[in-house]
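Take a look at the chain below.

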Amino acid sequence: GLQETLYNEIVGRIKQTDESVPYFKNGYWYYTRYEEGREYPIYCRKEGDMNAEEQIMLNVNDYGDKHEFVSVGGLSVSPDNKYLTYGLDTVSRRMYTIYIKDLTTGEILPELINNTGAGAAWANDSRTFFYVQKEPGTLRHYKIFRHSLGTDESEDVEIYHETDETFSTYVYRSKSDQYIMIASYQTLSSEYRYLNADDPEGEFRIFSPRQRDHEYSIEHFGDKFYIVTNWEAQNFRLMETPVVNTNQENWKEVIAHRPDVMLSGVEVFTSYLVVSERKSGLRQLRIINQNSGDEHYLDFGEEAYVAYVSTNPEFDTEVLRYGYQSMTTPNSTYDYNMRTKEKTLLKQQEVVGDFDPANYETKRLYVEARDGVEVPISMVYRKGMEKNGQNPLLLYGYGSYGSTIDPYFSTSRLSLLDRGFIFVTAHIRGSQINGRQWYEDGKMFKKKNTFNDFVDCADYLVDQRYTN
């Protein structure tokens with residue numbers, strides 16, 4: 001009976017008729033919507049402005065009505081806006097078949113590509129695209145192929161074979177639309193290849209050869225590439241290099257390494273750089289005016305939160321789209337004018353029912369572990385909680401592979417909080433919440449720190465009479 005009650009509560013908070021915030025790319029507004037009583041998304045677009053007639057590119061419910069399981073991913077529209085590629089998995093093994101749809105006629109082309117990783121990267125001729133194939137048995141992404149419209153899968157050309165079984169590979173199109181990129185990666189190393197998207201039958205060039213313990217990622221803009229790299233920089237730094245000479249000896253530093261700040265990524269605009277950083281366990285968005293050199297950070301006003309760069313397909317804009325949430329604030333999408341510093345809330349996840357964020361409270365606390373290191377914890381509970389040692393409490397933690405669990409919002413968690421539970425995330429070592437050293441201190445011969453941190457957080461919560 002309780003299981004059924006909880007299930008109905010959780011499902012009841014989901015808004016069944018919903019729609020994403022539209023974004024503009026290459027002449028069209030793109031968005032996703034859901035209809036009441038239907039399980040799956042409907043992918044749509046409108047040409048020119050949001051008052052135009054809706055075009056349904058793909059209604060996934062059409063597949064959901066025929067299969068017990070459906071997953072669709074990797075939607076990609078050709079540069080001429082005529083064709084849509086998407087991956088379909090109906091067996092729940094993340095083994096996708098790529099379909100091609102003519103958006104002008106609605107026809108699904110007869111050519112199918114099997115055993116792929118869902119996505120495709122279009123060349124600028126709108127006739128050629130690249131995709132990744134999975135290795136039989138292991139399902140490792142290991143080969144990149146080139147496909148031409150109107151040909152059979154058997155005629156596809158193998159472009160790249162990742163022979164090192166510790167690496168996986170994928171292919172994508174740069175934000176600038178000027179390059180097709182092939183990335184190879186494993187836990188401690190990465191490598192990129194690039195090809196001019198105007199020349200799909202050309203040869204890919206290595207950006208910088210792989211080295212053990214060297215991780216990097218790249219973004220193209222104008223006549224240069226930006227590189228986020230841990231080369232001689234444990235917490236990563238930002239560098240740049242000319243498009244014509246990408247070898248490591250040509251890299252020039254843009255943002256230096258900082259021992260107390262982890263640099264996790266950049267979003268490039270014509271006049272601005274947006275740098276995603278992590279300091280004191282919290283994500284930060286740093287806005288740099290590339291013309292004047294002026295910079296500032298976004299202020300989020302909560303102790304513990306999640307902030308991240310959202311969909312920004314255009315270069316020539318002063319507006320950054322970002323996402324924000326906390327343990328008490330539902331997922332929210334904002335537009336931020338980087339010049340005027342004006343924030344506009346576009347959409348906040350609607351929680352059906354009597355949810356009011358003012359009824360809940362969140363805290364960021366620090367626990368001294370047995371070796372003296374301070375471990376951050378994020379906590380949420382319903383207001384009125386008393387530290388009497390009698391509260392039920394759920395403590396969650398994960399500390400492996402550098403994966404970090406940020407203090408995010410959860411509608412299903414409300415069923416615990418409304419019954420008097422305290423929910424706590426322990427940001428234990430092995431994650432990267434306090435930078436790269438936090439990860440290094442929770443693996444291999446230091447792995448025991450991961451478990452000790454979790455136990456010490458639990459002991460602290462009992463000692464401070466949050467629970468027993």
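Which element gives the largest share of the lining of the second largest pocket? E21 does, with six residues. This is a predicted model, where local features need pLDDT of at least 70, side-chain atom pairs count only at pLDDT 80 or more, and totals for chains, interfaces and linings use all residues. Residues are numbered from 1 along each chain as its sequence is written, and side-chain values use heavy atoms, without hydrogens and water.

A pocket here is an open set of points on a 1 Å grid over the protein atoms alone, where a 1.4 Å probe fits, with protein on both sides within 12 Å along at least five of seven lines; lining residues have an atom within 4 Å of a point. The second largest pocket has a volume of about 670 Å³, the volume being the space filled by probe spheres set on the points. Its lining counts 34 residues, and Phe236, Met262, Leu263, Ser264 and Gln432 lie nearest the centre. Elements giving two or more residues include strand E21 (261-268), strand E22 (272-279) and helix H4 (436-440). By type, the lining holds 15 nonpolar, 13 polar (Gly among them) and six charged (Asp, Glu, Lys and Arg) residues.

Now step back. The chain has five helices and 32 strands, both taken as DSSP runs (helices H or I, at least four residues; strands E, at least two). Along its principal axes, the C-alpha trace spans about 70 × 55 × 50 Å. Buried residues make up 51% of the 468 in the chain, buried meaning under 20% relative accessible area with a 1.4 Å probe, protein chains only.

Definitions and conventions:
Buried means under 20% relative accessible area, exposed over 50%, partly exposed in between (1.4 Å probe, protein chains only).
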